[in-house]
Every structure is written in C-alpha cells, then in structure tokens.
Amino acid sequence: MDREEHEVALTINGEAVRERVAARTSLVDFLRERLGLTGSHVGCEEGVCGACTVRLGGRIVRGCLVFAVQCEGARVETVEGLSDSGEIADLQENFRRRNALQCGFCTPGMLLAAQELLARGGVSSRAEIRAHFSGNYCRCTGYEAIIDAVEATAFARAATGAKR
Amino acid sequence: MKIAADSPPVLSALDRPNSYIGRSVPRPDLERLLQGRGSFVSDMALPRMLHAAFARSPHAHARILRIDREAARAMPGVVAVVTGAELARVVTPWVGTLSHLAGIKSAPQHAIAVERACWQGEAVCAVAAHTRAEAEDAVDLLRIDYEELPAVTDAETALDPATPVIHPALGDNLTFERRLAAGDPDRGFAEADEVIEATFVFGRHTGATLEPRAILADWNEGEKRLTVYQGTQAPHMTQGVFAKHLGLAERQVRVLTKDVGGSFGIKVHIYADEMATVALAKLLKRPVKFVADRLESFLTDIHARDHRVRAKIGVARDGAIAAIEIDDLTGIGPYSVYPRTSGIEANQVVNLTGSWYACPNYRARARVVMQNKNVMSQYRAVGHPIATAVTEGLVDLAARRLGLDPIAIRRRNLVADDAYPWTSPSGLKFEKLSQHAALDRLLAMMRYEDLRASQAELRRRGVWRGIGIASFVELTNPSAAFYGVGGARISSQDGATLKLDAQGGLWVYSGVTEQGQGAGAVMAQVAASAFGVPLERVRVVLGDTDMTPYGGGTWGSRAAGIGGEAAWQAGKALRHNVLEIAASILQATPEALDIRGGIVVDRDGGAERLSLEEVARILYFRPDTLPPGFQAEPMATRHYVPRQWPFAFTTGHQASWLELDPETGLVTLLKHWCVEDCGTIVNPLLVEEQIRGGVVQGIGAALYEHCLYDEKGQLQNGSMAGYLVPLAAEMPDIEIGHVVSPTADSELGAKGAGEAGTAGAPAAIMNALNDALAPLGAAPLTDMPFTPAKILAALGRG
C-alpha cells in the first residue's frame, strides 16, 4: 500500500495536465477518477479485456497496465479526444449503422484498437481483422458486426485514399 | 458492410404511413456510447461518496470466530468497518423461494455473512472509505479467524447420508425436486425398436459482463429517501426488494439504471454485497459505491448451468420417437438466489426437453442440490441450452443408430406447422410454431446437400468436418405464470407513457430497460409509428422508477413483445388525444384526421392541415383559444400483459459447420446459421445482432467457458486470463434467416429474440463436433465445454 505521491505532467487529448498522483495509480484510474475522462473503461485490471485501451505516444496500450507516473511528458489520447478531433468519425458512423456495439462498454477500446489497424492503410482480410482484436473482449455482439464495421471503414478509406 | 435492408415492410395490420416497424434503423442512443460519453454506474461519483470494499471468505465453508477491526479502523480514509451482525440491524435477510415451485426450500441469507460463510467469496465484513484503494488497504488489515467446516462440493453426493447438511434446519441439501410423467413412457420404451442412453454434462459458467456489477446508493436523511444507481435489468423489482428489506415504503426508494455494461441475466438478481452497499448508505447517511472487481465477479456473480442429465430416447425403426426420459441433477450454491430462486432452470429443463417433437411419452426428474460454491441462478436462455442439447443430442444419437440423416429424423418428429395450437407433454402451450418452414429455410441457406457432399469429399482427403443441427423453442413474453403466481413481486405487465412536448416532440417513458439489446430503439420505433412522428423527434426515458410506469424491466425476452405492445397502444391513444385537440382547433372531426410525419393531415388524401408544433403551442400556451369546456390531454399511458398465452414461444433451428484437428483437438468454427421465428420483427438489424451475440455466448458454453472448482470448493480460474471466453478470431460469421408468425396475443405480434441464439448454439456445436468425430471412431462427446483435452481423449490420444 504505497502512498507515495509524485507529480506528473503530460498531455491528454492535446491539453496539458499537471497533477500529483499516488505511485500506484494506474493510467486508466487517473483518467477516469482524477480527470473525469470516463470513456476508457475498467473491465479486468489485468490487461486482458481491452476495455481500458488508450493511446500513449501514438501507440495503443492497456490503461490498467501503465502507471500514471510512467506517463511523465507523454502524449495520451482517449476515445473522447479521438471523437472530438474527428479522427475516427467514419469508423464511429460505421459502428453506428452496423450496430457494432450493444452495451457499449468495450466500444472505446474497440475503436482505438481498430483505428490502429486502419491507420496502417490497406484493407486487411476478415481473418486479419478478427485476429487484430484478440485483445479486446466483447460479450454482447458476437464480434461479426465489429468486423463488418472495421472492414467497411477500411474499404471506404482505401477508396478515397484517406490516410488517417 | 452487411446492413439488413431498411425498407418498409409489406402492408399489415401494423402498417401506417411512415411506419418504422420492420425497419433496420440505427439505435438512437449509440452516439454517446461511441464517443465514450455514456454514463455507466461505474463512472459515477457523488459528493461525500464513500467506496465499499469487502473482506471475503477464503474458505468454501467456515465459521467466523473473530473479526479484529482495530488496525483496519485506524487506516487513513476509513469511515466505517461493519460486520454482518451490525448490518443485519439495517437490512433483514431473505429467502429465495417461490410458492409455485412446490417444496422448494432455502435458508435465510444475509447481506454480510453472520457467524458462518457458505462459499468462497461470500462477504464477511465491509469497509467504507474515501477511496476504493483505501477501503481495500483496510480490508487487508482485517484479522479474521475462521474455523474451516467441511465443504459440500460434489452434486452427485450432496444428498448422500454421509454428506454434511449445509443448513441443518433444512434437513438435507435438496433445494427442489420435480417429477413429471406424461403419456405412457414405459410402453413407449417397451415398444421402441431402439433405446439409446447418454449422459450429458453442462459445466458451470458465468456471464462475465464486461462492466462488472456496479451500484451507488445514497440515503438522504432529510428526505428519508434512498436513491440507488444500479446496473440492473429490473429496477422496479430491486426497488421493491430494497424497500422491503430496509423497512421502507417503495415511494421512499428510487432506482436508476443508467447505462449497463452487459447483463445477460447476471444483473437481474439480488446480490448480498449490493444489499450491503445500500444498507451501508442508510447506516452512514451518505452515498456509498461498490463496483465488483473481476475476481469478485467470478466469485459472486451468479454462475449458471452445472447440470448432469442422464437421458434416454426410444425410437421406432422409421425414426419416430417413442419416448424420452431425463434425470437432471443440478448443483447450485448454498442459497437459492433471491427472488427468482435457483430452481427455475431445472424446472425449465423438465418443461422444455423434447417439447418440440410430437411424442407424448415423457418422464422427467430434476433435483436441485446445494453446494458450498458460488450461488447459481438464471442466465440467458434459462434451461433452454440444457433441454436443447439433451433433446438434440438424443435425436442425433438415435439417427446414427438407425442410419438416418439428422434432417430426416427431425422431419419425421417435428410437430407439423398446421397442428397448432399444440400442448407439449409437459403442458407447455404453443400458439404457433413454424418448425418445418424454418427448417426449409435453414437447409436452403446452408445448402445442406452441397455441404454434405463437400464433407464427404474432404473426409477422403483426411479433413474432418462436421455438420450439426439443433432445433429449439424459446420461451418469451412471460406472463405472471413465470414469477408472479409464485409470490415474487416481479412485474410481468409493463407500461408506456407517451407525452407530446411543447415543440411537438414525442417522449416515451417505458418500464423496460436497456442493457444494449436496443430496447430503447424498439420503444422509439413502435411509439413513432403508432403516433406518427419521425424517429428524430422521439426521446425515450428508461430505467428510473421515479419516472417510468411500473414494469418488469428487460429479461426473459420480454422488452419488445410486452413493452413494445404497451408503447404501441399508448401511441394509438396519444394519437387519438392529439387528434381531438387538432380537431377542436380545425373545427374538424378527429376521425377525419391523422398524424403522419409529425404533421396533422386529412386521413383521406393526406393534405397537410397543422403541424404538431402548432398543436403543442396552442394546447400549452394558448389553451384559452380552445373551445369552452375542452381539456387537452397531451399524455397517454397504456399497459400490457399477455393473457391468452402464458408464454409466447418462438422456434427455429441452428446449424454449425466446423473442422476438427485430430492431432491437437482444436476446433475451427467455419460457419453458423440460425433461422428464427420471433413473430413481428420491429428492427431486423437488432434482432439479428441479438441472435449473433446469443449464438456466440452459446458457443462459449460449448467450447470454452467453465468455472473450475477443486474438491475444497476453491475456484481455480477466477480471472479473465483463466476463464476463457469467445474472442473475435475464433468466432465464425453467422447467417440469420427469419420466418414470421406473429402472436395474436398482441396487436404488435412481436415475440422475443434475445435468447434463441444461446438456447440452440451449444447443441449445434455438440452435434457438429460429434459428426466430425464419427468417422474417426470416437465415442460421442456430451460433456461441455468440449476442450481440446476432452476431444483428444475421445480420440484415444489423451
């Protein structure tokens, strides 16, 4: 029960943040409880389910496996940030039209994981898309709708030459 | 991207201009979830809020000798450390029995264990602190002395005289037993050409909702009111339970569900730690929040299934079923779960097994026994996966013995589509099923003959693929026959209140709830269609006992069929009310007018007369201009409960196509099909996604999910890493087809669709696996989940 606190300065969704946090505070708890960014969810706290997926320094990480104090000077992006920037607007629209979410608890993690795959460009096969989500659990949809929505986004981006 | 065609349906009794019935419109509430701007209970915080954490018994069965709280109380941030005996002065214990389950018995269960813990994970002491971390720190410093007691962990021996009785006052460990005999099973078996016996085993599994159970309770001492934010499927039920056990009137209790991160039947029960959280809020006069962590979820969320069914089928040489007999043994926890009990699933297995086949000779026994393991209760498709796998497994075994194709034996025995209404041997009343039409549809979709040819060809090349068929029925739209008649305060009726707002918008308040199924969307579509406004003008309010009509919530595949009919009738009533207002403004008769696309029009010809905005403006702000004595009524409420039929049964078939690797025992799912008849389809996209999600949960039960206990009652795999669930890479694409036989019990004609996928998938997977194994000389597998180790053992390579 380490109560030692540290100051941490980082950029979250483009906004500079400076806070004192307990050394044991995970990044996702920091985002949710200190900053009120509750779009990143906590499902297992052991890095398995993917509900806490956020972007750290441009790459997706498990928010429950990173301590907030490890993020000194880092750039963190969450589903709220990606939504407001419009970066994943087309992906979100395909999720909506395809009903690729039911309860919505896994969805922010799914979107961040999908965007990482899509940002590589090209159109992955359905099997490749399915494999990409091996670290994101969904208990509601059965996954097919999610795969459909990601595939449709990949095709649309390829057709327009959009690289995001 | 495959999106079901969003085209208006063919004309029917439901047809209205601009109807949304039968259209795949997107759910209106998805945008906030997609932006991470939902509001789950686990996201919430209130001023002065405390966090609860629980010390939980490390033993399956133990006497609590002493709880030393001094060190815990001294920890920073700790506000209270509360034992079971102390909390029992705030919240009374409960007993999970229902009077229509004759003879069912259980023992009083406390919010926090008093004197004795009866399963590993039962809460024995609570800490309330400023943060969850501080509360957990304090829990670690509680010194609790236990005297370990013998644990009952094997259902097979739970009733043996040598086995300790968990609750001595009950006399034995038998919670519930039911016996049934219909027709003449002895004669049926005696006259059968072949009698085939098998034992089917269904492992314990659980829901693993991605958002764990979450509750935030606040007691306002000034108002003397309890407000509970709770991830629940049935807020009016929990309102009643909180009131009863805290000694309050229901009007003193408000339950709000917020967004709920998955439920599947997990969040429809009363949990001891949630009762404790509510009691702590009342005791401490401030908000207290509890969110189960993942280990707590595995240890305390209800587990499901855990059945062992000895089964027997007699058949004539032509495939006609002569008799079916089952003996079901199911091991629950140390308490029957409140208030729905832990006896309903076994009761359903007795009711359902064999019920879709035209054989009158049936004998069944089900026994439900207590164990010192986590509590067990109803989970998605209650009883159906067991009844379906037993029935369909037996039918396939019989077909193999007789050298019949699995389709042929089903054709021979399925109740004819024109034979309805039909009563099953157990007394289930089927209004209208469409088994044969649905089978036609399934065979066409999967190209059955081609698939068989492909299978034969591949076998010659050493590729082992299997086709598995499972026919099923599904209980939906439950009337009071399910719980109410047994004395449970669980509403089978539901209500909808519709309101025209001051801008001409439509508000819908419904007693059903949303956990992602799309219940809110269905209410919006039905209300918009009945009243006559575009979907964009509808606002739906669910999950708030202060606001919505009293209702049952969302479970038992009831939201669309029961809540939807209430919304349909309320929409018609409000249209009538608003047309009376419009008629008084226009000096017309209401019968000559209609509301279409948000505009009052002439019923004949459709000429636009008046916008709803204008009607609303006049009725709210210039009622002085309405005729003398005329009172506008811009709200309407209607309620509905099925009365003609106790349940609206749906029907259908599933099929699985899979490949087996005999070297590794691994199964690759290549494709899955489901044809279902859920009556009127309000939103095809949502129905299909319910089926897909349900199928995948059924696949989880068949292949992966298992709560593993050792002989001392210790859970061995209480983590997301240890408990396997279906992942995207392992799941097949799932093709859905429909046959539509509306129920005549309601005008909407909708039956439920939420559980059919889970009902039939395990049987389809099992039959496909055994079809693949057959040419390899392996005995049929009937012990779920079918792990690679079991498959290799069946192949003699274990």
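**A sheet and its surroundings**

Guide: Helix 7 (residues 272-284) of chain B lies across strand 1, strand 3, strand 5, strand 9, strand 10 (225-230) and strand 12 of chain B, and its direction makes an angle of about 25 degrees with strand 9 of chain B. This is a predicted model, in which local features need pLDDT of at least 70 and side-chain atom pairs count only at pLDDT 80 or more, while totals for chains, interfaces and linings use all residues. Residues are numbered from 1 along each chain as its sequence is written, and chains are lettered from A and ligands numbered from 1 in the order in which they are written.

Helices (H or I, at least four residues) and strands (E, at least two) are DSSP runs, numbered from the N terminus. Axes are lines fitted to C-alpha atoms, for helices over the stretch in contact, and angles run from 0 to 180 degrees between N-to-C directions. Another helix, helix 4 (residues 132-141) of chain B, lies across strand 1 (50-56), strand 3 and strand 5 (123-129) of chain B, at about 30 degrees to strand 1 of chain B.

The sheet itself is open and has seven strands in the order 3-5-1-12-9-10-11 in chain B, with mixed pairing, where two strands pair if DSSP finds at least two bridges between them. Strand 3 (78-83) and strand 11 (253-256) of chain B stand at the edges with a single partner strand each, so one side of each is left without a neighbour in the sheet. From one strand to the next, the twist averages 20 degrees. Within this order, strand 9 (residues 214-220) of chain B and strand 12 (residues 288-291) of chain B are joined by four bridges in the antiparallel sense, and Ala214(B) has Val291(B) in strand 12 of chain B as its bridge partner.

Strand 14 (residues 321-331) of chain B is mostly covered, with nine of its 11 residues buried; a residue is buried if 20 or more other C-beta atoms, placed from the backbone, lie within 10 Å of its own.

Stepping back to the whole chain, chain B has 19 helices and 29 strands, and buried residues make up 61% of its 798 residues. Its C-alpha atoms fill a box of roughly 85 × 75 × 45 Å along the principal axes. Of the contacts in chain B with a separation of 6 or more, 79% join residues 24 or more positions apart, a contact being two residues whose C-beta atoms, placed from the backbone, lie within 7 Å.

Finally, 46 residues of chain B are in contact with 48 residues of chain A. Helix 1 (30-34) and helix 17 (684-703) of chain B are the elements that give two or more residues to the side of chain B that touches chain A, and helix 17 of chain B gives the most, with seven residues.

Conventions:
A residue is buried if 20 or more other C-beta atoms lie within 10 Å of its own, exposed if 12 or fewer, and partly exposed in between; C-beta atoms are placed from the backbone.
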